[in-house]
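Try each task before reading its solution.

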Amino acid sequence: MTYFLQQALNALQLGSIYALIALGYTMVYGILTMINFAHGDLFMVGAFLCFIAATFLKLPFVPTLLFSMAGVAILGVVIERLAYKPLRQAPRVSAIITALGVGIFLENFTLALNPYPQHIPTLITNTTYTLGGLSISSLQVIIVVLSIVLLILLDLTVRRTMVGMAMRAISWDKTVVPLMGVPMNLVISMTFAIGTGLGGAAGVMYGLAYPVIDPYMGILIGWKAFIAAVVGGIGNIRGAMIGGFILGAVEIMVAAFFPSTYRDFVAFTLLLVLLIFRPYGILGKPRPQKV
Amino acid sequence: MSLLQAKSVTHYFGGLCAVSEFNLDLAPHELVGIIGPNGAGKTTIFNLITGVYNATHGNIVFNSPKVAGDTELVGKTPSAITALGIARTFQNIRLFKDLSVLDNVRIAHYAQVGYSPIEALLQIGRYHAEEERIARNSMDLLAVFKLEDYAEEFSKNLPYGLQRRLEIARALATKPKLLLLDEPAAGMNPNEIMQLMDFIQWIRKEFDLTIILIEHQMRLVMGICERLKVLDFGATIAEGLPKDIQKNPRVLEAYLGEEAVG
Amino acid sequence: MARRWVLPVLLAVGFLLSFAIPQFGLLDLYVQLIIMYVGINIILTTSLNLVNGYMGEFSLGHAGFMAVGAYIASVLTVRVFPASMAVWLFPVAILAGGAAAALVGLVVAIPSFKTRGDYLAIVTLAFLMIVKSVIENIDALGGPRGFLGMDKLTTLPWVFIWTVLSVWVIRNLVYSNFGRGVLSIREDEIASDLMSVNTQQVKLIAFVTSSFFAGVAGGLFAHVLQFINPRVFDIIKTTDILIMVYLGGIGSIAGSILGGTIYTVLLEVLRPLGVWRMVLMPLVLVLLMIYRPRGIMGMREFRWFVPVRDLIASKLWRQAKQKEVGDVPSAS
């Protein structure tokens with residue numbers, strides 16, 4: 001039983017990170033119907049910015065987090081303006097290929113500047129608490145709490161602010177919204193900034209939890225987070241959160257009870273089965289086509 | 001002997017009732033019109049007949065020339081229903097825009113093609129003969145509709161009126177017994193509507209068709225429909241001869257509102 | 001048409017060259033290797049183009065089909081076929097690999113009946129991961145350490161033959177009734193259904209054909225590299241193939257040949273740049289997407305690949321009509 005709960009905690013930690021990354025995917029998809037496959041690599045950039053801030057700028061935790069989030073957010077907006085904006089009218093898959101290209105660029109550019117894996121210095125003194133047989137590390141607590149805070153802030157922003165409303169409007173009808181006086185490009189840039197910023201935050205947390213980072217770390221995690229977003233219902237923010245936690249739970253639980261080589265296999269099969277029963281994801285709704 | 005019989009067809013979208021208790025007994029060669037205000041459920045009925053939706057309740061039975069006896073349509077796939085002999089056009093033109101005019105018509109021959117995938121992959125057997133036949137059939141059909149000069153043009157480049165004509169040609173390529181026309185006169189001026197009226201009568205005779213028509217242009221409806229069904233909010237509020245429907249108070253109320261009638 | 005003999009002549013010359021080059025060492029061994037990879041990539045690109053380009057789907061599983069073909073073909077030549085017969089039975093191994101991949105493609109096609117777009121992307125991606133995981137867990141196949149022992153059975157003539165065969169068959173499919181069905185699904189699936197196209201049948205044919213040739217490419221690949229492991233057939237490999245499809249042009253046979261060739265050759269040519277090679281390549285790709293989103297030959301075709309009947313359909317028809325009416329000029 002304790003083993004199970006212990007794994008549940010690990011699942012919560014991993015799930016929070018997946019949730020934050022999945023959110024970035026879903027926000028961009030929701031507003032532009034585009035899958036930003038460079039997102040996983042932006043997560044990686046976040047981890048590297050954390051490394052730079054902590055090692056060279058010797059910043060403590062909170063400024064490092066803000067530095068990384070801001071850095072990734074700026075990079076995200078720049079990418080959006082340079083590479084994605086010209087393709088808004090192009091077939092969707094062309095934009096996706098562009099995103100793949102941007103991702104490959106980020107991976108190899110980082111690799112070119114930095115051929116060896118790096119180690120992130122400890123920014124948070126990691127004390128372990130014992131609670132009824134369970135060991136909980138302060139790092140785990142911070143990651144989970146921070147993620148939840150960010151998720152709540154995001155949910156509030158999308159539901160309660162004008163910007164959030166504009167985002168939701170754009171996801172339904174891009175042609176009409178500018179006619180209503182909404183500065184569409186600005187809102188889209190803000191969406192990218194927030195989505196990628198969250199990915200950057202995830203990068204920091206991942207870097208703190210698993211301190212060895214390399215330029216290719218974003219690839220697999222990015223694809224997994226993408227699956228999480230789709231499982232939750234792509235375009236749906238709460239769905240992305242749920243999807244992220246489900247993926248984290250499935251991975252940890254599978255690894256806990258199956259040999260490690262089976263982990264990916266069982267995890268993906270489960271997700272596939274889930275999609276068979278809920279083809280549009282858990283919270284997703286098919287956009288009905290008028291015939 | 002009815003060609004098509006719809007019995008108590010009812011359809012819900014979630015909690016919303018789009019069509020309720022729709023009945024139709026269609027005899028061969030009839031030209032029936034379905035009219036009503038926007039949102040009355042007219043296109044939904046077309047979608048139910050052609051299998052885009054599966055009716056929540058009720059039956060739709062079709063006497064197909066390809067199958068002995070009557071066939072239940074509810075539950076069948078759209079392509080199966082089309083192969084049985086029902087074809088349609090769309091409210092908003094749904095041509096294959098980036099394909100040529102000829103290809104649009106050739107595609108509609110899909111179910112009539114006599115060769116297997118293997119014969120296609122290796123270009124053996126019946127492949128060449130059948131491709132000949134389909135190309136010729138399609139060009140012949142285009143010629144009937146005076147579109148043969150546009151054969152290699154992208155269908156999206158055709159002027160609006162010709163696109164509508166192409167859509168009908170494409171539907172007729174499937175060799176239907178029953179043709180459903182969804183607002184064929186949309187966007188036409190009175191002159192064009194006159195031509196369309198003659199055109200519809202002509203294809204009915206030439207292609208031995210039974211036609212159901214959805215339309216808002218009263219000139220067309222009153223001009224060629226033999227009988228009408230009037231829908232409002234999914235329910236049939238009146239049916240009968242056009243001249244009677246014109247005077248029916250319930251119909252006027254549905255279109256013009258209570259105050260206009262009272 | 002006078003020009004119609006050029007292509008068969010070129011093919012015959014190519015076939016002879018494919019024997020002559022290795023026999024007489026006309027080209028460097030390294031260059032021969034590159035040419036073989038170009039051929040394999042052309043097969044991969046053309047087959048993926050069928051599903052992603054012509055049909056407008058978004059399948060991410062191509063490397064998985066390649067893996068199935070690679071492993072089945074390798075197991076046959078290394079473990080099943082007697083060593084002396086391996087050379088003669090090589091085409092059988094390749095066909096078996098293709099058939100196995102086609103069978104798997106059948107399974108993947110089924111979800112495509114109900115889902116499209118991004119959800120299909122996930123299904124195919126999950127399938128890819130599953131294939132990789134399954135191989136990793138089968139010790140008999142070498143698991144994560146990989147499978148080796150293949151002889152270098154892939155030769156220039158074989159690559160030439162299989163490449164020409166693949167391109168020819170896929171091109172035949174595209175210009176047939178089923179190929180038109182594929183295009184109509186891309187244009188408007190609902191209208192297509194309503195115009196009598198059996199979309200399920202079409203999707204099955206497309207997926208099975210596509211995965212068959214991916215399996216063939218996999219088998220050829222395994223017998224030139226002589227060593228395969230699951231990590232070779234991961235999402236990065238699929239991404240490579242996707243790039244080749246979009247680089248050359250979606251919905252185009254010539255585009256697939258172009259994409260496969262350019263990508264392979266360019267990557268080799270840029271090798272001296274080291275890691276900066278993969279920094280430059282994606283930039284070029286992004287620029288290409290911005291200025292030509294459908295790829296170099298997007299949706300356009302090389303005239304010689306299009307069947308004559310399709311090129312001049314109305315002209316042929318008019319000629320036939322004139323003959324019927326007896327040389328009376330047609331009224332319209």
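**Exercise 1.** Among contacts in chain C between residues at least 6 apart in sequence, find what share joins residues at least 24 apart.

*Solution.* Start from the contact criterion: C-beta atoms, placed from the backbone, within 7 Å. Keep the pairs in chain C at least 6 apart in sequence; 81% of them join residues at least 24 apart. This is a predicted model, where local features need pLDDT of at least 70 and side-chain atom pairs count only at 80 or more, while totals for chains, interfaces and linings use all residues. Residues are numbered from 1 along each chain as its sequence is written, with chains lettered from A and ligands numbered from 1 in the order written.

**Exercise 2.** Work out how many helices and strands chain C has, and why it counts as compact.

*Solution.* First, take DSSP runs, helices being H or I of at least four residues and strands E of at least two, numbered from the N terminus: chain C has 13 helices and 2 strands. Next, the radius of gyration over C-alpha atoms is compared with the globule rule, 2.2 Å times the number of residues to the power 0.38.

**Exercise 3.** Describe the side of chain C that touches chain A.

*Solution.* Begin with the count: 33 residues of chain C contact 36 of chain A. Then look at the elements: α5 (117-137), α9 (235-248) and α11 (277-291) of chain C each give two or more residues, and α5(C) gives the most, with 12.

Methods:
Two residues are in contact if their C-beta atoms, placed from the backbone, lie within 7 Å.
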